[in-house]
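Hi,

Here is the structure I promised to pass on.

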Amino acid sequence: QVQLVESGGGLVQAGDSLTLSCAASGRPANAMGWFRQSPGKERDFVAVIGWTTGNTYYADSVKGRFTISKDGAKNAVYLQMNSLQPEDTAVYYCAAAKGWGSLLSHEIDSWGQGTQVTVSS
């Protein structure tokens, strides 16, 4: 089972950018993605990338602002977040799943520990 470690969270102002990183031990799963969870809310899907295809898919709330990417040499996945808004404040989790369908169905094989992103207005 792949182990995931996120980094890159922090406190930023509205309109700023931030890049999250997710380091995977061993070969990442077929689908790698990001979720986020705010206090009192469910963990929501943010973005997914196919590890072999490089295809991507985003939640409507982040489309056009966030970009998911991967580095095969480093077994890493990234989330570039631009034009951050206070509603983007959450703990962001890296996730690994057997495929897109599994990930979008929240059938996750491995979760990272999460990294806090706070956006002030």
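Leaving out residues up to four places away in sequence, Ala76 touches Cys22, Trp51, Ser69, Lys70 and Asp71 (contact means heavy atoms within 4.5 Å). Before I go on: this is a predicted model, where local features need pLDDT of at least 70, side-chain atom pairs count only at pLDDT 80 or more, and totals for chains, interfaces and linings use all residues. Residues are numbered from 1 along each chain as its sequence is written, and side-chain values use heavy atoms, with hydrogens and water left out.

Back to Ala76, which lies in strand 8 (helices, H or I with at least four residues, and strands, E with at least two, are DSSP runs numbered from the N terminus). Ala76 counts as buried at 6% relative accessibility; the cut-offs are under 20% relative accessible area for buried, over 50% for exposed and partly exposed in between, using a 1.4 Å probe and protein chains only.

Strands 1 and 3 run antiparallel and are joined by five bridges; Glu6 stands opposite Cys22 in strand 3.

**The core**

The largest nonpolar core has 37 residues, and Met32, Trp34, Leu79, Met81 and Tyr92 touch the most other members. Such a core is a set of buried Ala, Val, Leu, Ile, Met, Phe, Trp, Tyr and Cys residues joined through side-chain atoms within 4.5 Å. Among the elements giving two or more residues to this core are strand 3 (18-25), strand 4 (31-37), strand 8 (76-81) and strand 9 (90-97). Strand 9 gives the largest share, six residues. Beyond its neighbours within four places in sequence, Tyr92 is in contact with residues including Glu6, Leu20, Trp34, Leu79, Met81 and Val117.

**The aromatics**

I also went through the rings. There are five aromatic pairs, where rings of Phe, Tyr and Trp (its six-membered ring) pair if their centres lie within 6.5 Å, and planes under 30 degrees apart count as stacked, over 60 as edge-to-face and the rest as tilted. Tyr57 and Trp100 make a tilted pair, 6.3 Å centre to centre with 40° between the planes. Tyr57 is in strand 6 (residues 56-58) and Trp100 in helix 1 (residues 100-104), 43 residues apart. Both are partly exposed: Tyr57 has a relative accessible area of 40%, Trp100 one of 29%.

Tyr93 and Trp111 form an edge-to-face pair, at 6.2 Å and 80°. Here Tyr93 is buried at 13%, whereas Trp111 is partly exposed at 34%.

What lies over the face of Tyr93, at 3.6 Å from the ring centre? That is Arg43, which also lies over the face of Trp111, at 4.5 Å from the ring centre. A charge sits over a ring if NZ of Lys or CZ of Arg is within 6 Å of the ring centre and within 35 degrees of the ring normal. Finally, Phe35, Phe45, Tyr57, Tyr93, Trp100 and Trp111 form one aromatic cluster.

Cheers

Conventions
Two strands pair if DSSP finds at least two bridges between them.
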